[in-house]
Amino acid sequence: MNFTGSNILSVEQFDLDSIQTVFQTADRMQPYARRQKRTKVLDGAILGNLFFEPSTRTRVSFGTAFNLLGGEVRETTGMESSALAKGESLYDTARVLSSYSDIIAMRHPKSGSVAEFAEGSRVPVINGGDGANEHPTQALLDLYTIKKELQHHGHDINGMHICMIGDLKFGRTVHSLSRLLAMYKNIRFTLISPKELAMPDAIIDELVRGNHQITITDQVAGLLDADIVYQTRIQQERFTTPQEADLYRGKFRLNSEIYTKHYKPNTVIMHPLPRDSRAEANELDNDLNQNPNLAIFRQADNGVLIRMALFALTLGVADLIEKYECDV
Ligand code: CP
């Protein structure tokens with residue numbers, strides 16, 4: 001993959017070599033993210049950070065990543081504060097905003113909207129989540145986290161057992177992550193959800209084509225050799241009514257007792273966050289907060305590294321990071 005000048009819209013753009021490039025670049029970002037070193041490689045560059053749907057991690061980590069590389073961030077949050085609310089097209093918005101920025105990160109509630117926006121943009125566009133479709137940067141940071149966590153236990157992505165639980169229909173993070181994992185070898189996927197919220201067929205087909213072992217079930221069982229448990233939230237915002245989402249909330253909880261009963265002692269616990277901590281949902285209980293296998297905050301930390309890497313690569317400055325170092 002030629003990163004320079006490219007949009008990042010879907011995990012389909014990546015192969016194992018380009019994933020490796022992103023991960024190696026992310027590794028190099030560690031001292032800058034920890035403020036042990038400082039670079040001004042993006043001095044004068046502007047990120048247009050457009051979030052037309054709620055976000056904490058993705059929006060702020062895109063901004064933080066750009067700042068850490070020396071660039072500036074201009075934010076638009078919420079549809080109501082943009083001219084999209086007056087009926088302006090995504091194409092026109094893109095034509096205009098791309099002349100104010102060097103690169104744009106965007107989240108939007110409609111599937112395919114970020115790709116539509118990118119058609120009008122004169123600068124690279126990075127998908128920060130488009131409806132229930134994709135969340136490619138989350139998938140890259142999840143995969144990076146899985147690799148690091150498994151390495152810690154002396155294991156590899158190839159041959160692992162991952163269990164994905166919850167809203168696999170509307171959860172875009174599990175869609176993108178599954179597509180990336182499909183490129184690896186001999187993975188065992190246990191996909192646990194209510195039947196109505198099962199993983200879309202198109203993604204199952206990709207896993208089948210990759211010769212992976214797939215179990216689709218609505219029961220939490222047979223997980224004692226799972227290397228990763230990836231919990232998800234019921235995506236209320238994608239249902240027709242909140243009452244419909246209520247039917248599924250709280251069905252697949254993970255807490256200390258369930259973890260001890262169903263998983264081996266070092267199964268890595270992941271969640272893209274936000275976790276729904278209301279009593280009626282609580283898919284990932286606070287009583288696991290001190291469990292060393294809980295990787296959710298390491299995931300969020302890795303988001304900064306991955307997004308720094310993607311900015312450096314798409315803006316063609318990855319080889320110049322060290323050259324533009326300055327005093328801390
Ligand atoms: N994981 C994730 O996309 O979180 P935010 O919705 O807070 O950006």
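Predicted model: local features only at pLDDT ≥ 70, side-chain atom pairs only at ≥ 80, totals over all residues.
Which residues of α2 are buried?

**View 1. Helix α2 and its buried residues.** In α2, the buried residues are Thr 58, Arg 59, Ser 61, Phe 62, Gly 63, Ala 65, Phe 66 and Leu 68. Following α2 comes Gly 70, which has a positive phi, near 95 degrees.

**View 2. The shell of residues around the ligand.** Around the ligand lie Ser 55, Thr 56, Arg 57, Thr 58 and Arg 59, together with Gly 129, Gln 138, Pro 272, Leu 273 and Pro 274. The element that gives the most to this shell is α2, with three residues. Sorted by class, the shell around the ligand holds five polar, three nonpolar and two charged residues. Both domains take part in the shell, since at least three residues come from each of domain 1 (11-135 + 301-326) and domain 2 (138-297). Two of the residues around the ligand, Thr 58 and Arg 59, are also among the buried residues of α2.

**View 3. The largest nonpolar core.** This core has 87 residues, and within it Met 308, Ala 309 and Ala 312 are the residues with the most contacts. Helix α10, residues 296-314, gives the most to this core, with nine residues. The core also draws at least three residues from each of domain 1 (11-135 + 301-326) and domain 2 (138-297). In soluble globular proteins, nonpolar side chains tend to be buried together.

**View 4. The surroundings of Ala 309.** When residues up to four places away in sequence are not counted, Ala 309 touches Val 22, Thr 25, Ala 26 and Met 29.

**View 5. The contact between the two domains.** The chain is divided into domain 1, which takes in residues 11-135 and 301-326, and domain 2, which takes in residues 138-297. Taken over C-alpha atoms, the centres of domain 1 and domain 2 are separated by 26 Å. To the contact, domain 1 contributes 21 residues and domain 2 contributes 20 residues. On the side of domain 1 that touches domain 2, at least two residues are supplied by each of α1 (16-33), α2 and α10, and α1 gives the most, with five residues. By class, this side of domain 1 has nine nonpolar, seven polar and five charged residues.

Note on methods: Residues numbered from 1 in each chain as written. Buried ≥ 20, exposed ≤ 12 C-beta atoms within 10 Å, placed from the backbone. Helix = DSSP H or I, 4+ residues; strand = E, 2+ residues; numbered from the N terminus. Near = placed C-beta within 6 Å. Nonpolar A, V, L, I, M, F, W, Y, C, P; charged D, E, K, R; others polar. Domains from an automatic or database assignment. Core = buried A, V, L, I, M, F, W, Y, C linked by C-beta atoms within 7 Å. Contact = placed C-beta atoms within 7 Å.
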